[in-house]
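Have the sequence and the model open as you read.

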Amino acid sequence: MSVPVLVCVGLSHKQVPIGVREQIAVSSEQLADRLARLKAIAGVREAMLLSTCNRLEVFAIADARTVADDVLRDLGPLAAQHAVTRFEDEALLHLFRVTASLDSMVVGEAQIQGQVKEAYARAQEAGVCGPAFARALSAALSAAKRVRTETAIARGAVSVSSIAVRMAQKVLGDLSGRAVLLVGAGDMAQLAARELHACGVSSLLVANRSSAAAEALAKDVSGIAVSLLELPALLERADVVLCSTASQQPIVTRDLVSRVIRARRYRPLFLIDLALPRNIDPAVNQLENAYVYDLDDLERVAAQNRGLREQEVQRAEAIVLEEITAYARAKQERAAVPVLARLRAHAQALADAEVERTLAVLAPLSERQQKSVRAMAAAIVNKLLHGPTSRLRGEQGGPLADAAAELFGIPRDADTEAPVERSEASDAEGGERPAERVAAPADVLPLTRRQ
Amino acid sequence: MATVLVHIALLAYAAAAGIYLAWLVRPRTWLVPAGRTLLLAGLLLHLASFGAAVSLSHGEGLARAGFGSDAWKGGQLFSLLAAATVAGYLVLDFRHGIPVAGAFVAPVTVAVMVPAHLVHSGERAIAPALTHSGALALHVGSAAAGTAALALAFALSLLYLASEKQLKSKHPGRLFARLPSLELIDRVGWHLSVWGFIFLSIAIATGSFVSRESSGSAFPLAPKEGFAILAWALLAALIQARLVAGWRGRRVALLVVAGFLLLMGTYAGLLAAPPHASTAALIVGWLGRG
């Protein structure tokens, strides 16, 4: 059987601007279909599709590197033009960095971890994820947790929503007494709305296509539900507008805001577009006293923030590398233990067969004599295998495990044997740290759809 | 004595300018209070120099209600303007905390003070009819206050335009974090413009009276008066547009910049060809002949 390869194919805010990302974004409704398509690609064993406002990436465990080409084609021609393909160590490092928020638009933001868990849960639902991916993701999430707790990377204004609030303050000054209009019910917009609420805004108006959704969200963020049909009047009233709908077309247009600005007597209007595709026509920013910030614009501000926290980022990168090393070591141990088990089983089977053959040709022996012969055969097996066993355990698999498997003709595939390996590894290592990190998929990732 | 005091004040202004500029480069928390203290110290010394000049005039300065001088130096006028601008800035900073404006005001103060006090400027005669005029005192005082207010509004307008450009272009520069909100700059700039307009109106009205006293013509056709009227008209239009149509932001900032530049034309006209040399009489009265 071929050796599985970890593949990552995709793109993020680092490769393409928001204009491209909004064209290739995979909505929540489309995700199941896209996962089914990934599953259907020959050579894909496990896969997870991570689609956020800032990235579209497929992590897959494949039979061969060439499978990445098929995955790339599946992303579509536009994405394929810009996508980056990573393999093995590079792909693993990317998975860890993404999960630890080191590759995020706003480094240190916590939202990405929920998004990764969500993506994994959806992949599990679709039956595309298996134990190998579960282990990798578990280790990545552990690394992310360490990064958050052991560094100051999460301190300060690190979320997109908080940067949006800061920019609103740059335009409007003190936000107390201001009116905020929340259009749509996206997660980031809700976060930003809560932050604005904490800044003392006087009224928080929540508009949605569905009045029930608007009322539910209004209740959640202590706002007032309003109808989206009143948008022009609402824009006249609001000082900050947060858009985060699933609309495929801009709902706030240049003409609309042009009329609104005059009606507002040129009072400044700060519009934050957290949607993909964008909800606000970028041309609105050309209007006097109207300021539009989309996700890419917030990235520019976030980049400054990142520069200030460079030292913390370096510490976080070091933690990620430590965790990757620990993960790789644990993987090698898992790979070594089944070789030992099979080698021992193979030798024991040979010894048992020889014992039975010998006993058959000898004169009838007593029960005690037969027991002695069997003990002698077992002792020979143990003495012969003592050295190789110690070496294999000490080396934690690697080339020696491969050599042992090759010499004794033992099949070796760590991932296909993962559930067995796990218990063996735990037994063999007495619950030491690397082994503790490996648990049954169900244990490792109590992944809920929403954290 | 007055000269020594004003030179020390100038050194304090220069040190404050250096500190504010250093704060722009490296925003250490102690720099702003230090710069503010130096500006305040400079202003107090500067005012003390005016007081010393008055006392040295042996009671023939302010005490005589008129200003008793028959000549003035152009540099003295700019010295008074610099003091008024620094005083205005300190009030603003106390109320709103806009240290980045200090990084503009302090160097400009030095730039105005150096030629005003270190470069020799010849005396110009004042019409005898004006040497004891109360209207002249009001004219010069309101002109200085209005110019100081508009100079600060001009500084804030430049800040607004720079800050707005960064916000619109989505490319925050190094100073972005130190810029106040657009709303604050706009609001304070608007108040300063209104005060500038009020003082300028008083200055023009009293100037007209002074001009009639000295030359017989209320509105002589001279660059100084022409620029003053243009600046006043522009500010009047700005205020009308703001109150009636709600104008604010960039277009108001541009109008303030234009208004202040027109006002500078008035001073250029005054220095180039003073028809009656009235404007500086008050300063001469305060500072004496030296």
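## Around Leu255 of chain B

Leaving out residues up to four places away in sequence, Leu255(B) touches Leu234(B), Leu238(B) and Trp247(B); contact here means heavy atoms within 4.5 Å. Leu255(B) itself belongs to helix H8 of chain B. Helices (H or I, at least four residues) and strands (E, at least two) are DSSP runs, numbered from the N terminus.

A word on the ground rules. This is a predicted model, where local features need pLDDT of at least 70 and side-chain atom pairs count only at pLDDT 80 or more, while totals for chains, interfaces and linings use all residues. Residues are numbered from 1 along each chain as its sequence is written, chains are lettered from A and ligands numbered from 1 in the order in which they are written, and side-chain values use heavy atoms, with hydrogens and water left out.

## The sheet in chain A

Over in chain A, four strands make an open, antiparallel sheet, ordered E2-E3-E1-E4; strands pair if DSSP finds at least two bridges between them. At the edges sit E2 (44-51) and E4 (84-87) of chain A, each pairing on one side only. On average, neighbouring strands are turned by 15 degrees against each other, direction ignored. (Axes are lines fitted to C-alpha atoms, for helices over the stretch in contact, and angles run from 0 to 180 degrees between N-to-C directions.)

E1 (residues 5-12) of chain A runs antiparallel to E4(A), and four bridges join them. Gly10(A) faces Val84(A) of E4(A). Helix H3 (residues 67-74) of chain A packs on the sheet, touching E1, E2, E3 and E4 of chain A, with its direction at about 30 degrees to that of E1(A). Helix H5 (residues 88-99) of chain A also packs there, touching E1, E2, E3 and E4 of chain A, at about 110 degrees to the direction of E4(A).

## Where the chains meet

How many residues does each chain bring to the contact? Chain B brings 26 and chain A brings 24. Two salt bridges are counted between the chains, each being a side-chain nitrogen of Lys or Arg within 4 Å of a carboxyl oxygen of Asp or Glu. Glu288(A) forms a salt bridge with Arg251(B), their closest N and O atoms 2.7 Å apart.

On the side of chain B that touches chain A, H5(B) gives the most, with five residues.
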